[in-house]
Amino acid sequence: MIARVWRGVVRAEDADEYAAYVQQTGIEGYQQTPGNQGAWLLRRPDGDGREEIVTLSFWDSVPAIEAFAGQDIEQAKYYPEDDRYLLERDPKVVHYQVPDQQ
């Protein structure tokens with residue numbers, strides 16, 4: 001299994017609205033892709049009037065991730081309204097191998 005992690009930062013006052021937007025776009029997109037094993041949106045206020053947003057998803061394989069993200073699976077996928085909210089964004093996603101739990 002592969003874990004896929006993306007990170008962005010928004011103004012604290014925009015966090016609820018942006019989290020709902022990410023849920024409707026990215027998270028639902030993950031969940032509708034065959035080979036996705038789950039997706040979560042994580043939030044963390046930074047105490048500076050900003051909030052970090054992280055998406056964490058789990059995938060069966062690289063081809064399953066490609067079905068969602070395209071050939072360059074390290075390239076972050078953005079949606080039309082992201083520019084309106086994001087103060088910072090990671091242009092690349094990070095992937096981790098998840099060891100088998102026995």
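1. The side chains of Asp82 and Tyr18 are joined by a polar contact of 2.8 Å, where a polar contact is a pair of N or O atoms within 3.5 Å, one able to donate a hydrogen and the other to accept it within protein, with residues adjacent in sequence counted only if both atoms are side-chain atoms. This is a predicted model, in which local features need pLDDT of at least 70 and side-chain atom pairs count only at pLDDT 80 or more, while totals for chains, interfaces and linings use all residues. Residues are numbered from 1 along each chain as its sequence is written, and side-chain values use heavy atoms, leaving out hydrogens and water.

2. Asp82 lies in helix α3 (residues 82–85); helices (H or I, at least four residues) and strands (E, at least two) are DSSP runs, numbered from the N terminus. Asp82 is buried yet has no salt bridge, and the nearest side chain of opposite charge, Arg89, is 5.5 Å away. Here, buried means under 20% relative accessible area, exposed over 50%, and partly exposed in between (1.4 Å probe, protein chains only), whereas a salt bridge requires a side-chain nitrogen of Lys or Arg within 4 Å of a carboxyl oxygen of Asp or Glu. For charge, Lys and Arg count as positive and Asp and Glu as negative, with His and the chain ends not counted.

3. Asp83, by contrast, does form a salt bridge with Arg89 (2.5 Å, N to O). Asp83 counts as exposed at 57% relative accessibility, and Arg89 is partly exposed, with a relative accessible area of 29%.

4. Another salt bridge joins Glu17 and Arg84 (2.7 Å, N to O), and this pair links distant parts of the chain, with Glu17 in helix α1 and Arg84 in helix α3, 67 residues apart.

5. Arg7 and Asp90 also form a salt bridge, their closest N and O atoms being 3.5 Å apart. Because Arg7 lies in strand β1 and Asp90 in the loop between β4 and β5 (94–97), the pair ties together parts that are 83 residues apart in sequence.

6. The largest nonpolar core has 20 residues, and those with the most contacts inside it are Trp6, Val10, Tyr18, Tyr30 and Trp59; such a core is a set of buried Ala, Val, Leu, Ile, Met, Phe, Trp, Tyr and Cys residues joined through side-chain atoms within 4.5 Å. The largest share of this core, 6 residues, comes from α1.
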